[in-house]
Amino acid sequence: MSTPENTHRERVRVYATGSCEGFEKLRESLAGHPEVELIGASASAAEGAAALSGGHLDAVLHGTRSASLPADELAAIREHTRAPVLIVASAGSSRMLEQALDADVADVLLLPQLVENVVFAIRKATHSRAHAPAAGGSGRHGRIVTVFSPKGGTGKTVTATNLATALAKFEQRKTLLLDLDLQFGDAAIMLGIEPEKTIYDLVVAPGELDTEKLAGYTTKHLSGLDVLPAPLRPEDAELVTEAKLGRLLEVARESYDCIVVDTSPFFHGPMLATLDRTDELLLLSSLDVPTLKNLRLALQTLELLSFPKQRIRIVLNRSNSKVGMKQNEVESALGMKVRYEVPSDRAVPLAVNRGKPVVLDEEGADVSRAIRSMAKNLFPVEEAAKKQRRLLPAFARS
Ligand SMILES: Nc1ncnc2c1ncn2[C@@H]1O[C@H](COP(=O)(O)OP(=O)(O)OP(=O)(O)O)[C@@H](O)[C@H]1O
Ligand SMILES: [Mg+2]
């Protein structure tokens, strides 16, 4: 039942695979449900591969005619996504329920079921996933913040390096900066570090990637930030494949609070793998017509890729430039509000040429304040909780 309260919840993104008696009817009911966004359906996981791996799914609903747990069908889904899987069966047995206890399955639903029960089970599965510690990991589930613009020179690297530095130094977040401008990345040089190893060395190293191995390939910046730089030679970029990058980000999430990704102005394979896992996409704009034109195209591409719009934040760089264009013109061209403004400041190129992030080089500059406030905003709920905790002892004393 839809109430004014639950219609405002973010809808859960579900994909349906497989089939069983009554599954089609259930899919129809879910498609019309206000809390569910049914992304699509396919008879097998292989047929739905693109949506399963790139659909930002919250859950997969898998219909099966089997009376016992369909291990092969589950394995096929797991090739494409780590989203929780709920099995829907028309001929399930108590044996299936028992098997599900030990398997990588969020729930088993035996049809017929009221659609509300199914929606509740999906919500429960996505909720426990968001709160469960990663298996074998530290319990972290780092936020991935990707800095992108379809136009070169808009300030992606300045923003990414300074945001990551501010998170590490001023917000005390365990932060990784990943340079995904694979051919001409210059994050390391802007931070003034000379790395011995790069992302290339990591992806060509033999053996399975885990958090310890990742730690062996990062370079520490004096702010406390860890950096995984771009390959030293442009031709090495192609060895950083989509699959390798996907795994790298999953592992990085287990040991960092935040992973800031600097990018190039292209939607290449590794970038798509990053978008699939991105929690916040900082889309950089500036007050110029060609950038706006390309940003509009980029927004259309993101929509085609089913990238959730609510994860996009428009950042207006050089926001105070007097160039005959105003912020509201940017907003109406993009159909989105500007979330963060970063002013133009001479301190930036000066800091870049010194190999120091401006947030450290010129702490008091407006541009540094703007980027620090962006860093603070990335964890707003927790910030409120922290403040609450600080207030509590005083409260208890009174
Ligand atoms: N807010 C700002 N104020 C002054 N200068 C800036 C600002 N932002 C960026 N710049 C300057 O613009 C130059 C380009 O910025 P940056 O390298 O971050 O762009 P980019 O989007 O990463 O470019 P590319 O697409 O080539 O990677 C920098 O060298 C910097 O000096
Ligand atoms: Mg750059």
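Entry: I started with Arg318, which sits in the loop between strand 12 and helix 13. Helices and strands here are DSSP runs numbered from the N terminus (H or I with at least four residues for helices, E with at least two for strands). The phi of Arg318 is near 55°, a positive value in a residue other than glycine. Arg318 is partly exposed, at 37% relative accessibility. I noted the cut-offs: buried is under 20% relative accessible area, exposed is over 50%, and partly exposed is in between, with a 1.4 Å probe and protein chains only.

Ser306 is also not a glycine and has a positive phi, near 60°. I found Ser306 in the loop between helix 12 and strand 12 (312-317). Its relative accessible area is 28%, so Ser306 goes down as partly exposed.

**Entry: ground rules.** Before going on I wrote down that this is a predicted model, where local features need pLDDT of at least 70, side-chain atom pairs count only at pLDDT 80 or more, and totals for chains, interfaces and linings use all residues. Residues are numbered from 1 along each chain as its sequence is written, chains are lettered from A and ligands numbered from 1 in the order in which they are written, and side-chain values use heavy atoms, with hydrogens and water left out.

**Entry: the whole chain.** I get 17 helices and 13 strands in the protein chain. Of its 398 residues, 49% are buried. I then looked at contacts (heavy atoms within 4.5 Å). Among contacts in the chain with a separation of 6 or more, 76% are between residues 24 or more positions apart.

**Entry: a cis bond.** Which two residues does a cis peptide bond join? They are Leu111 and Pro112, with omega about 0°. Pro112 lies in the loop between strand 5 and helix 5 (115-131).

**Entry: salt bridges.** Side chains of opposite charge can pair when their charged atoms come close. The cut-off I used is a side-chain nitrogen of Lys or Arg within 4 Å of a carboxyl oxygen of Asp or Glu. How many salt bridges does a search of the whole structure find? It finds 17.

One of them pairs Arg13 with Glu37, the closest N and O atoms being 3.5 Å apart. Arg13 is in strand 1 (residues 12-18) and Glu37 in strand 2 (residues 36-42), so this pair ties together parts 24 residues apart in sequence. Buried or exposed, what is Arg13? Arg13 counts as buried, at 9% relative accessibility, while Glu37 is partly exposed at 27%.

I also checked Asp279 and Arg253, whose closest N and O atoms are 2.6 Å apart. Asp279 is in the loop between helix 11 (269-277) and strand 11 (280-285), and Arg253 is in helix 10 (residues 242-255), 26 residues apart. Arg253 is buried at 9% relative accessibility.

Then I found a network of salt bridges linking Arg78, Arg82 and Asp104. Within it, Asp104 and Arg82 meet at 3.6 Å, N to O.

**Entry: helix pairs.** Two packed helices are described by the angle between their axes and the distance between the axes. My axes are lines fitted to C-alpha atoms, for helices over the stretch in contact, with angles from 0 to 180 degrees between N-to-C directions.

The axes of helix 10 and helix 11 come within 8 Å and cross at roughly 35°. The residues of this contact divide into five nonpolar, three polar and four charged. For the classes, Ala, Val, Leu, Ile, Met, Phe, Trp, Tyr, Cys and Pro are nonpolar, Asp, Glu, Lys and Arg charged, and the others, Gly among them, polar.

For helix 12 (residues 289-304) and helix 13 (residues 327-334), the axes come within 10 Å and cross at roughly 35°. Leu292, Leu295, Arg296 and Leu299 in helix 12 meet Val330, Ala333 and Leu334 in helix 13. By class, that contact has six nonpolar, no polar and one charged residues.

**Entry: the cores.** A nonpolar core is a set of buried Ala, Val, Leu, Ile, Met, Phe, Trp, Tyr and Cys residues joined through side-chain atoms within 4.5 Å. The largest has 38 residues, of which Leu163, Leu167, Leu177, Val260 and Leu282 touch the most other members. Helix 6 (residues 156-169) gives the most to this core, with seven residues. A second, separate core of 23 residues includes Ala205, Leu209, Leu214 and Val261.
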